[in-house]
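This report goes through one protein model, from its overall layout to single residues. Please keep the sequence and the structure in view while reading.

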Amino acid sequence: MPSAETPVSRALAERLVAAHFGVCGADLTVSGYPIRDLAQQFGTPLYIYDARIMRRIFHELRSALEEFADIHFSIKANPNPEVARVFVREGAGIEIASAGEYRAARQAGAEPARILFAGPGKRDEEIDFVVREGIGEIHLESMEEIRRVADAGTRLARTVPVAIRVNPVAAAQGGAMRMGGAASPFGFDEEDIDAVLARVLAEPALDLRGVHMFAGTQILDADTLLAQWWHGLDVAARIAAAIGRPLQTIDLGGGLGIPYHAGDRTLDLDAVRAALPSLVARQKSEPAIRDARVIVEPGRFLCGPAGLYVVRVNTAKTSRGKRFLVTDGGMHHHLAASGNLGQVIKRDYPLVAPARMDAGTDEPCSVVGPLCTPLDTLARNAQLPPLAAGDLIAVLQSGAYGLTASPTRFLSHPLPAEILVDADAAIPLRAIAQS
Ligand SMILES: *Cc1c(COP(=O)(O)O)cnc(C)c1O
């Protein structure tokens, strides 16, 4: 087993603990609450989300984007309404991709006008539902969908606010910009936009308000992100020119990344901030997009660092010289940490032993879950204190694409509890699991 990356991934865990959490004696704390106590009170496995961390990240991003863009939270990153509510209260809109997410957004307190509906396969019932209830924009992704949304508007006697989702010729791929965009089920190819515009403008039930682009996730390089945004403004200007009137919205998508693995950097918000005056100047120089509301819709970036997945060691054992810690949680709750959610290379998430923070000796080990499959591995090359049955392990960076992106029915284990810690609220600790 290669162990070269281990000290670095430990360094990432230490950096994240220093940035977001506290340490008191042997205990890792979340807004002052020891994980050990939370695990005792709520049981394990346990997802813990800290509202203060979410608010701090939201404010940092909003201050970096000031004068340029409005923020919508992409609710698929964490559809728990209590998590979304934290951002809604701070002024965020919500980006959804299903009727279920629409309900979660409303439950979180979002106004219909602040909700954007994307997704390549919206069903008729979903379209009818959001048109009846009210929606900020539906993002059109195919010719078929133009017809469906127009029919819904006609049937329900409403004019439906829409934007066109564009699959750009320049896309972020693996953290780098690539010209000649890939084939994609999402949106319309930029090359075909003229025909799409003609089709949308021919529908009296559709009010074409804007353009939407989202071409890459987990971007850690500020220049890549900015190049994508710059291209988005160009596309918006061309669309406005083609339709002969100004656009009201330009949605530049999400994709802001967070560090998960050894060697990952942190997205440099200062570099983003420093480049924004030139983007703002670009927008203001073009009358047809000058007054448009620019939107970004991050998911992972806003809630990922605020979440921990806490498991308890059930069994410690050794096989042919390799140490295994078998825990009560695993890929059925946290597929992404197991490396099976689309990762090309399986690399470990940052882990800590949250009740043994003062333990010095490191022990190389593999952390696995209770499922009967070798896929159920939470870390392959962890470096933890010598742990035994009953000890706790916390997976950091687990607030986004955690429980929601996991095969919870696989092997019929119970769901984990989810709790919100909000030291600034009247009820600082609450179970918020949907089940
Ligand atoms: C998933 C998604 C997002 C959020 O992506 P992140 O990488 O979590 O920021 C934003 N917009 C759309 C349309 C999405 O599908």
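## Domains

Taken over C-alpha atoms, the centres of domain 1 and domain 2 are separated by 35 Å. The model is predicted. In the domain assignment of the chain, domain 1 covers 10-50 + 304-430 and domain 2 covers 111-298. The contact draws on 9 residues from domain 1 and 7 residues from domain 2.

## Ligand site

There are 14 residues around the ligand, and those that come nearest are Lys76, Thr217, Gly255, Glu297 and Tyr401. Sorted by class, the shell holds 3 nonpolar, 6 polar and 5 charged residues.

An N or O atom in the side chain of Lys76 is 2.8 Å from an oxygen atom of the ligand. A nitrogen atom of the ligand lies 2.8 Å from a polar side-chain atom of Glu297. With Gly299 it is a polar backbone atom that is 3.0 Å from an oxygen atom of the ligand. The ligand taken alone exposes 390 Å², of which the protein buries 92%.

How many of the 9 residues of helix H4 are buried? The number is 7, so helix H4 (residues 81-89) is largely enclosed by the rest of the structure. The buried residues of H4 are Pro81, Glu82, Val83, Ala84, Val86, Phe87 and Val88. At the start of the helix, a side-chain oxygen of Asn80 comes to within 3.0 Å of the backbone nitrogen of Glu82. Just after H4, Gly91 has a positive phi of about 110 degrees.

Gln107 belongs to helix H5 (residues 99-107). Not counting residues up to four places away in sequence, Gln107 touches Pro81 and Arg85. Gln107 and Glu82 are 25 residues apart along the chain, and their C-alpha atoms are separated by 8.4 Å. Is Gln107 buried or exposed? Its relative accessible area is 52%, over the 50% cut-off, and therefore Gln107 counts as exposed.

## Leu308

Leu308 is part of strand E16 (residues 307-319). Leu308 counts as buried because its relative accessibility is 1%, where the limit is under 20%.

Which residues are in contact with Leu308, leaving aside its neighbours within four places in sequence? They are Phe21, Val30, Ile35, Leu46, Tyr47, Ile48, Ala394, Val395, Leu396 and Ser398. A further pair to locate in the model is Leu308 and Leu38, which are 270 residues apart in sequence and 12 Å apart in space, C-alpha to C-alpha.

## Asp27

Strand E2 (residues 27-30) contains Asp27. With a relative accessible area of 13%, Asp27 is buried. The side chains of Asp27 and Arg36 are joined by a polar contact of 3.0 Å.

## Backbone exceptions

Most peptide bonds are trans, and most residues other than glycine have a negative phi. The peptide bond from Thr44 to Pro45 is cis, with omega near -5 degrees. Pro45 sits in the loop between helix H2 (35-42) and strand E4 (46-50).

Ala157 is not a glycine, yet has a positive phi of about 55 degrees. The loop between helix H7 (143-156) and strand E9 (160-167) holds Ala157. Ala157 counts as exposed because its relative accessibility is 69%. Leu411, also not a glycine, has a positive phi of about 75 degrees. Leu411 is placed in the loop between strand E21 (392-395) and strand E22 (417-421).

Terms used
Residues are numbered from 1 along each chain as its sequence is written. This is a predicted model: local features need pLDDT of at least 70, side-chain atom pairs count only at pLDDT 80 or more; totals for chains, interfaces and linings use all residues. Side-chain values use heavy atoms; hydrogens and water are left out. Helices (H or I, at least four residues) and strands (E, at least two) are DSSP runs, numbered from the N terminus. Buried means under 20% relative accessible area, exposed over 50%, partly exposed in between (1.4 Å probe, protein chains only). Contact means heavy atoms within 4.5 Å. A residue is near a molecule or strand if one of its heavy atoms lies within 4 Å of it. A polar contact is a pair of N or O atoms within 3.5 Å; within protein, one must be able to donate a hydrogen and the other to accept it, and residues adjacent in sequence count only if both atoms are side-chain atoms. Accessible areas come from the Shrake-Rupley method with a 1.4 Å probe; for residues, only the protein chains shown count as cover. Ala, Val, Leu, Ile, Met, Phe, Trp, Tyr, Cys and Pro count as nonpolar, Asp, Glu, Lys and Arg as charged, and the others, Gly among them, as polar. Domain bounds come from an automatic or database domain assignment.
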